[in-house]
Amino acid sequence: MENISLGQIAAIITFLGVFISGITALITFSKSFIKKILKPLEVKIEHMENISKDGRDNIELELIKIILVNFINDTEQGVYKTDIQKKNAYELYDRYKTLGGNSYIHDCWEKLIKEGKI
């Protein structure tokens, strides 16, 4: 092996320091660059998740409305409803109200309650 001088050791240490600092700076820059690129995508994904949830709620609301209309119509026509069917209708009506539904269904529901049909 040949002799290594202090100058060579200092040069190697300096090179390694600059090399490591360069790699660190490159990684830091890459992270911030990637975050800047991904931030709009993140916002769009969150927005799509909210739209998707709202869409599911609207579909659920419409399905419950159909079921309640059929239940109310049957009850007004005198079709016998079991206790389980009535309990299910109450649960659906509560969910309907929770989802924001409160239109003619509410009026018909209250009318049936006053008449003692449900």
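The structure is a predicted model, in which local features need pLDDT of at least 70 and side-chain atom pairs count only at pLDDT 80 or more, while totals for chains, interfaces and linings use all residues. Residues are numbered from 1 along each chain as its sequence is written, and side-chain values use heavy atoms, with hydrogens and water left out.

K86 belongs to helix 2, helices here being DSSP runs of H or I with at least four residues, numbered from the N terminus. Leaving aside residues up to four places away in sequence, K86 touches F71, K81 and K117, where contact means heavy atoms within 4.5 Å. Although K86 and I118 lie 32 residues apart along the chain, 6.6 Å separates their C-alpha atoms.

Turning to the helix pair, helix 2 (residues 83-98) packs with helix 3 (residues 104-114) at an angle of about 145°, the axes being 12 Å apart. These axes are lines fitted to C-alpha atoms over the stretch in contact, and the angle, on a scale from 0 to 180 degrees, is taken between N-to-C directions. The crossing is left-handed, that is, the near helix is turned anticlockwise from the far one by less than a right angle. Helix 2 brings A89, Y90, Y93 and Y96 to the contact, and helix 3 brings I105, H106, W109, E110 and I113.

Within helix 3, I105, W109 and L112 are buried (under 20% relative accessible area). Seen down the helix axis, the buried residues of helix 3 fall within an arc of 65°, so they line one face of the helix; the arc is that of the directions from the axis to the C-beta atoms. The face turned away from this buried side carries D107 and K114, which are exposed (over 50%). After helix 3 comes G116, with a positive phi near 75°.

The largest nonpolar core has 13 residues, of which L68, Y93, Y96, I105 and W109 touch the most other members. Such a core is a set of buried Ala, Val, Leu, Ile, Met, Phe, Trp, Tyr and Cys residues joined through side-chain atoms within 4.5 Å. Helix 1 (6-76), helix 2 and helix 3 each supply at least two of its residues, and helix 1 gives the largest share, 5 residues. W109 touches L68, F71, I72, A89, Y90, Y93 and I118, again without counting residues up to four places away in sequence.

Methods:
Buried < 20%, exposed > 50% of the residue type's maximum accessible area, 1.4 Å probe, protein only.
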